[in-house]
Amino acid sequence: MSEAVSQGRLLKTRSRLAILFSAALFGFGFNAGMVETAAAADAPVNIGVVQIVDHEALNDTVRGLVDGMAERGWKDGEKAHFDLQNAHGDQSTLKNIGDRFVSEDSSLIFAVATPAVQSMARTTRKIPIVGAAVTSYSAAKVVKSDDRPGGNVTGVSNIGPVAAQLDLLLKLTGGKKRVGSIYNAGEINSVVQMDLLRAAAKERGVELIEATVSGVVDIQQAVQTMKNKVDGFVFPTDNVVVSGMAVILKTTVPAKLPTVAGDLGSVAAGCTAAMTVDYYKLGRQAADMGADILEGKRKPAEMKIETQDVKQPTINLRAAKAIDLAVPEDLLAGAILFEGN
């Protein structure tokens with residue numbers, strides 16, 4: 001065999017090896033890209049969760065939505081990463097939390113309570129927002145209408161049966177007509193509920209005595225001023241008032257005044273009774289809505305604001321005993337009985 005032929009075959013062999021090596025490299029690069037894409041697809045999605053303040057009703061809501069999301073397959077640390085944030089009642093903190101969720105490229109935001117959903121709606125018009133424990137989305141001006149929100153915000157309302165709350169107090173007081181209420185006029189959810197309470201009081205010939213507060217520090221003076229003017233209290237689901245319920249009860253219990261709340265946390269704290277939504281279930285409702293959005297089944301713009309139907313009162317038997325109140329038998333027969341502190 002000539003030297004030229006040998007060199008020719010050697011060059012052909014090297015050429016083939018080069019082609020095979022290049023193909024192998026190409027193939028490896030292509031497969032690596034597929035692995036990287038698959039890994040990205042399997043990476044947990046960022047889900048922001050913000051509540052306005054720390055109290056039992058909102059904590060129950062957050063617990064319900066995290067549990068509900070896990071049941072739908074969006075478990076924290078696996079398919080989802082939940083960034084749980086609490087603004088502790090501060091508006092500037094809410095703004096910073098919203099900016100954080102946007103910078104983290106969150107796929108969904110859960111906003112718990114009216115100020116939280118308002119702040120998130122101002123921060124982003126692109127990321128889907130599901131509210132919970134929000135009294136009126138339309139009054140909060142975050143949707144076009146409750147039936148057809150029309151933007152990136154939807155959710156579940158915690159509006160309770162305000163007229164039924166008043167009726168419950170009237171039964172506990174034996175029909176006495178002087179009723180007190182304390183609320184934060186800066187919370188649109190409280191304003192909506194107070195409008196309903198005023199209308200119900202007018203229909204029933206009840207004298208409604210009101211006091212406004214802007215923070216927990218205002219509550220003690222308000223309730224002290226009112227205690228000798230009323231026969232009992234009805235409290236809206238107001239974040240300031242609920243946060244300061246222990247302060248309220250330090251005055252109402254010694255004064256033997258029955259109290260009706262709009263949340264179970266206040267009953268657990270020592271209120272006499274409540275007509276309220278179940279905040280844990282409220283969170284689970286919001287979770288189902290959020291999961292539907294993430295799974296591409298529905299869009300916030302088309303998702304009607306959901307509510308709960310409340311029919312049974314909750315009575316705190318120990319709280320009733322503490323104020324020497326004999327709860328009417330007909331109320332006890334149809335009530336959920338709470339026997340905690």
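Modeller: I would begin with a helix pair: the axes of helix 2 (residues 56–71) and helix 11 (residues 279–294) come within 6 Å of each other and cross at roughly 40 degrees. Helices here are DSSP runs of H or I with at least four residues, strands are E runs of at least two, and both are numbered from the N terminus. This is a predicted model, in which local features need pLDDT of at least 70 and side-chain atom pairs count only at pLDDT 80 or more, while totals for chains, interfaces and linings use all residues. Residues are numbered from 1 along each chain, and side-chain values use heavy atoms, without hydrogens and water.

Colleague: Why are helix 2 and helix 11 called oblique to each other?

Modeller: Angles under 35 degrees count as roughly parallel, over 145 as roughly antiparallel, 65 to 115 as roughly perpendicular and the rest as oblique. The axes cross at roughly 40 degrees, and helix 2 and helix 11 are therefore oblique.

Colleague: Which residues make the contact between helix 2 and helix 11?

Modeller: With contact meaning heavy atoms within 4.5 Å, helix 2 contributes residues including Ala57, Asp60 and Leu65, which meet a set in helix 11 that includes Tyr279, Arg284 and Leu294. By class, this contact has nine nonpolar, five polar and five charged residues, where Ala, Val, Leu, Ile, Met, Phe, Trp, Tyr, Cys and Pro count as nonpolar, Asp, Glu, Lys and Arg as charged, and the others, Gly among them, as polar.

Colleague: What makes a space a pocket or a cavity?

Modeller: On a 1 Å grid over the protein atoms alone, a cavity is a set of points where a 1.4 Å probe fits but cannot get out, whereas a pocket is an open set with protein on both sides within 12 Å along at least five of seven lines; lining residues have an atom within 4 Å of a point. The largest pocket holds about 370 Å³, and of its 22 lining residues, Leu264, Thr276, Val277, Asp278 and Ile336 are the closest to its centre.

Colleague: How many cavities of 30 Å³ or more are there, and what lines the largest?

Modeller: The count comes to two. The largest cavity has a volume of about 90 Å³, and its 14 lining residues include Leu58, Asn158, Thr237, Asn239 and Tyr279, which lie nearest its centre. Helix 2 and helix 8 each supply at least two residues of that lining.

Notes. Axes are lines fitted to C-alpha atoms, for helices over the stretch in contact, and angles run from 0 to 180 degrees between N-to-C directions. Grid points are joined across faces, edges and corners, and a volume is the space filled by probe spheres set on the points.
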